[in-house]
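Open the model in your viewer and keep the selection panel at hand.

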Amino acid sequence: MLDARWWQRGIVYQIYPRSFMDSNGDGIGDLRGIRSRLPYLAWLGVDAIWISPIYTSPMADFGYDVSDYRGIDPRFGTLDDFDALVRDAHGLGLKIILDFVPNHTSDQHPWFLESRASRESAKRGWYIWRDPAPGGGPPTNWLSEFGGPAWEWDAATGQYYYHAYLKEQPDLDWRNPEVRDAMLSVMRFWLDRGVDGFRVDTIHHLIKDSELRDNPPNPRFRPGMPPHRELLRLYTTDRPEVHEAVAAMRRVLDDYDDRVLIGEAYLPFDRLMAYYGQDLSGMHLPFNFHLIGAPWDARAIAEIVREYEAALPEGAWPNWVLGNHDKPRIKSRVGAAQARVAAMLLLTLRGTPTLYYGDEIGMCDVPIAPGEVQDPFEKNVPGLGVGRDPERTPMQWGGGAGCGFTTGRPWLPLAPDADRNNVEALRGDPGSILSLYRALIALRRAEPALAVGAYAPLAAGEGVLAYAREHAGRRLLVLLNLSSHPRRLALAAGAGGARVLLSTGLDRAGERVDEAAELRPDEGLIAEAQGAPG
Ligand code: GLC
C-alpha cells in the first residue's frame with residue numbers, strides 16, 4: 001500500500017470560491033484570491049484542493065448552473081488566472097480538482113437556448129422535453145429538489161422540460177450520445193489544462209427512467225421535511241444505466257496519468273458501492289456522506305464505519321466527509337469540544353478525508369437574516385431550515401472589517417465571532433483547533449498506518465469510539481471520547497501499553513498508557529502501541 005496514489009494517501013480540501021478570498025474588493029471570492037492563499041494551504045498540509053464551480057454562470061445556484069463549461073466566470077477571473085492558479089498550486093505540490101456539473105446546464109447555456117427555440121431544433125433532444133400528461137399538466141409527478149414540480153411548461157413550444165433542481169437548471173439527456181460526447185470533451189478540455197481530477201456533481205441524477213414512471217409516495221415523509229421528500233426518487237435517481245455514463249467519464253480520465261474521479265451521491269451504502277463500477281471501472285471515490293447525517297454517538301458511528309468497511313468492494317478505496325457547502329457545519333452540529341474529536345475522527349479513519357474550508361478554524365453556521373438570504377433553495381422553500389448560506393460564509397482570515405476576506409462588502413455576512421476565530425489569531429495559539437488540524441494532518445502524512453494502514457475496531461465502553469490502524473508492524477490506537485464525561489478504556493491485557501502521540505487538547509503527547517487509557521471529557525487520543533513486553 002506504500003505505493004498508494006496521491007488521492008488515496010492525500011487529504012482533499014474543499015474551497016467554496018465565492019467565500020474563500022476576494023482579491024478585488026467586490027465582496028465575492030475569486031481565483032486570484034485563492035492563489036494568494038495557496039501558501040496557507042501548503043502550510044496546513046493538505047494535498048489537493050477541490051474548487052466548487054468557477055465556470056461562466058448566471059449564478060441562479062451560485063455556479064451550479066453553468067452557461068459555458070469552457071469559460072471562467074468573470075466574477076472569479078479569467079482563464080489566465082486559472083492557469084496561473086494551477087501552475088502555482090502544482091509548484092507547491094497541491095493538486096487541483098474541479099467541480100464538474102454534468103446533470104444540468106444553465107437555462108442560459110447556448111445549448112438550451114437552441115433546444116427551447118423550437119421542437120425541430122437540432123438540440124431539442126439534448127434536454128428532456130415531453131408533452132403534457134393525457135389529461136393535461138406535467139408528464140409525471142416528479143418533484144424538484146428545490147421545491148415544486150420538476151417540470152417547467154414552455155408555452156412557446158407547447159412542451160414541458162425536466163429540471164431536477166431549479167427551473168434555471170434544465171437537465172441534459174445523458175441517453176443522447178451527442179450530449180455525452182460534448183460533456184466528455186469538456187472534461188478533456190480541463191484535463192489538458194492540467195487539472196488533477198473532478199468532483200462530479202449529483203451523479204445519481206444523471207439518468208431518469210426511460211418510461212417516465214411516477215415516483216411512489218415516501219411513507220416516512222413528515223411535515224417539516226423539504227417538500228421533494230414527499231416522494232421516493234425511485235425513477236429519477238440511481239437508475240442502472242447511470243453506471244455506463246460514469247464508466248465513460250472514467251475512461252476519459254484513464255487516458256491521462258494519475259487523475260481522480262470523485263462523485264457526489266447521497267445514497268445508502270449498498271447503492272453507493274455500485275458507483276465504484278464493475279471491476280472498479282467507475283468513480284475512484286464515490287463520496288461517503290454518512291458521517292454528515294450520523295447521530296453524534298459512539299455506537300452509531302462505530303456501526304457506520306463497520307457497515308461501510310464491510311460494504312466496500314474488493315480493492316475499492318474508502319473516503320470520509322464531515323461537511324460541505326450543502327450541509328450544516330460540523331462545529332454547529334456537535335459543539336466546540338466535539339468538533340476537535342470530529343477532526344481526529346476524520347483524519348484517522350481509513351480512507352481519503354475531505355475537509356470543508358473553515359472547519360479547520362472551527363467556523364460555525366452563521367445565522368442569516370431573512371432579507372439577506374441568497375440561497376435559492378431557502379428562497380423557494382422558506383422556513384424549514386434548508387438554507388445553505390449559513391455554511392457558506394466568508395473564510396475568516398484575520399480581524400477587522402472584512403476579516404481579511406474582502407476590502408468590500410462580503411456577499412454573505414461574516415461570522416459574529418470572526419474577530420476571535422480566524423487564521424491569524426489561531427495560527428499563533430498552540431492549543432487552537434487550527435493547531436490541532438495541522439498536527440493531525442502532519443501526523444497522517446508521517447504515519448503510513450494512518451494514511452494507508454488497515455483498520456480494526458476495538459472494544460470500548462459507553463460513549464467511546466476506539467480503533468487501531470496498522471501498517472508494516474506499526475500499530476496506532478485511536479481512542480475518541482464522544483461523551484462529555486471522563487471515560488476509562490482498558491487496553492487488551494498483555495498488549496504492552498502505548499504512548500500518546502497526539503491528543504485533541506494538544507497537551508498529552510509522550511504520556512504512557514499502561515493497562516487503561518484515561519480519557520477526559522470530549523477528548524481524543526492517538527497512541528502508538530508499544531508491543532508486548534519481552
Ligand atoms: C449538488 C451541489 C449543490 C447544488 C446541486 C445542484 O448537490 O452540491 O450545491 O445546488 O448539486 O447542482
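A residue counts as near a molecule if one of its heavy atoms lies within 4 Å of it. Select the ligand and the 13 residues around it; Asp61, Asp201, Glu264, His325 and Asp326 come nearest. This is a predicted model, where local features need pLDDT of at least 70, side-chain atom pairs count only at pLDDT 80 or more, and totals for chains, interfaces and linings use all residues. Residues are numbered from 1 along each chain as its sequence is written, and side-chain values use heavy atoms, without hydrogens and water.

Next, show polar contacts (pairs of N or O atoms within 3.5 Å). Oxygen atoms of the ligand lie 2.5 Å from a side-chain N or O atom of Asp61, 3.0 Å from one of Arg199 and 2.8 Å from a polar side-chain atom of His325. The protein covers 96% of the 300 Å² of accessible area (Shrake-Rupley, 1.4 Å probe) that the ligand has on its own.

Now select Asp81 and Arg32, whose side chains form a salt bridge (3.0 Å, N to O); the rule is a Lys or Arg side-chain nitrogen within 4 Å of an Asp or Glu carboxyl oxygen. Asp81 lies in helix α4 (residues 79–91) and Arg32 in helix α2 (residues 31–36), so the pair ties together parts 49 residues apart in sequence; helices are DSSP runs (H or I) of at least four residues, numbered from the N terminus. The salt-bridge count comes to 40.

Methods: Polar contact = N/O pair within 3.5 Å; in protein donor to acceptor, adjacent residues only side chain to side chain. Helix = DSSP H or I, 4+ residues; strand = E, 2+ residues; numbered from the N terminus.
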